[in-house]
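Q: I have a model open and want to go through how its parts pack. Can you take some quick questions?

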Amino acid sequence: MPIEQRVISGPKIGAKIGGNASAAPAPAPEPEPKKRRAPSKKLLIIGAVVVVLAAAAAAWFLFFQGDGAPPEEPAPEAGEVVQVEPISLNLADGHYLRLGLALQLTTDAHESPDPARALDLAIELFSGRTVAEISDPTSRAALKEQLAHALVEAYEGEVMDVYLTNYVTQ
């Protein structure tokens, strides 16, 4: 009689007890990749409008605004000239200056301004200076420019310039 042989294998060395040694562990299921939705038409239209507005703003500032500087105010138009009575001012070392002024008004001036402010500013600027200082043509021009600037501020744009009509030192 033939003998039947059966081979019973036990767990292999290092194998898990109670597990199938020949079966590999099942891989973890991969998550499904998220599907990207196509952008809606509304979102595309909004994006296009933003791009067009940005381009229009850039073109406006580059081409129509010049160098980006604020637009200059137009120069004031000359109006009438108001004469101010000459005054004598004390200079250094006992000398004096006989100073006469004329105020160039703008067309914005509605009535003749009070010359008291102009005389006060002139006295403040010229008094106490030396004869050499006020006799020098470049120094005299600088003093006149300072006086004109002070008058424009004091009369709030109604006066645009000053003329020296009497300028005698002794």
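Q: Which residue in S2 does Ser88 stand opposite?
A: Arg98. Keep in mind that this is a predicted model.

Q: How many bridges join S1 to S2, and which way do the strands run?
A: Nine bridges join them, and the two strands run antiparallel.

Q: What is the strand order in the open sheet?
A: The order is S1-S2-S3, three strands with antiparallel pairing. S1 (78-90) and S3 are the edge strands, each pairing on one side only. From one strand to the next the twist averages 20°.

Q: Which strands does H2 lie across?
A: S1, S2 and S3, and H2 runs at about 45° to S1. H4 also packs on the sheet, where it touches S2 and S3. The direction of H4 makes about 140° with that of S3.

Q: Helices next. At what angle do the axes of H2 and H4 cross?
A: Roughly 145°, and the axes come within 10 Å. The crossing is right-handed.

Q: Which residues meet there, by class?
A: Ten nonpolar, one polar and one charged. Leu121, Leu125 and Phe126 are among those from H2, and H4 residues there include Leu147 and Leu151.

Q: Phe126 again: buried or exposed?
A: Buried, with a relative accessible area of 0%.

Q: How many aromatic pairs does the structure hold?
A: One. The ring centres of Phe126 and Tyr167 are 6.3 Å apart and the planes stand at 75°, so this pair is edge-to-face.

Q: Why does the pair tie together parts that are apart in sequence?
A: Because Phe126 lies in H2 and Tyr167 in S3, the pair links parts 41 residues apart in sequence.

Note on methods:
Residues are numbered from 1 along each chain as its sequence is written. This is a predicted model: local features need pLDDT of at least 70, side-chain atom pairs count only at pLDDT 80 or more; totals for chains, interfaces and linings use all residues. Side-chain values use heavy atoms; hydrogens and water are left out. Rings of Phe, Tyr and Trp (its six-membered ring) pair if their centres lie within 6.5 Å; planes under 30 degrees apart count as stacked, over 60 as edge-to-face and the rest as tilted. Helices (H or I, at least four residues) and strands (E, at least two) are DSSP runs, numbered from the N terminus. Buried means under 20% relative accessible area, exposed over 50%, partly exposed in between (1.4 Å probe, protein chains only). Axes are lines fitted to C-alpha atoms, for helices over the stretch in contact, and angles run from 0 to 180 degrees between N-to-C directions. A crossing is left-handed if the near helix is turned anticlockwise from the far one by less than a right angle, and right-handed if clockwise. Contact means heavy atoms within 4.5 Å. Ala, Val, Leu, Ile, Met, Phe, Trp, Tyr, Cys and Pro count as nonpolar, Asp, Glu, Lys and Arg as charged, and the others, Gly among them, as polar. Two strands pair if DSSP finds at least two bridges between them.
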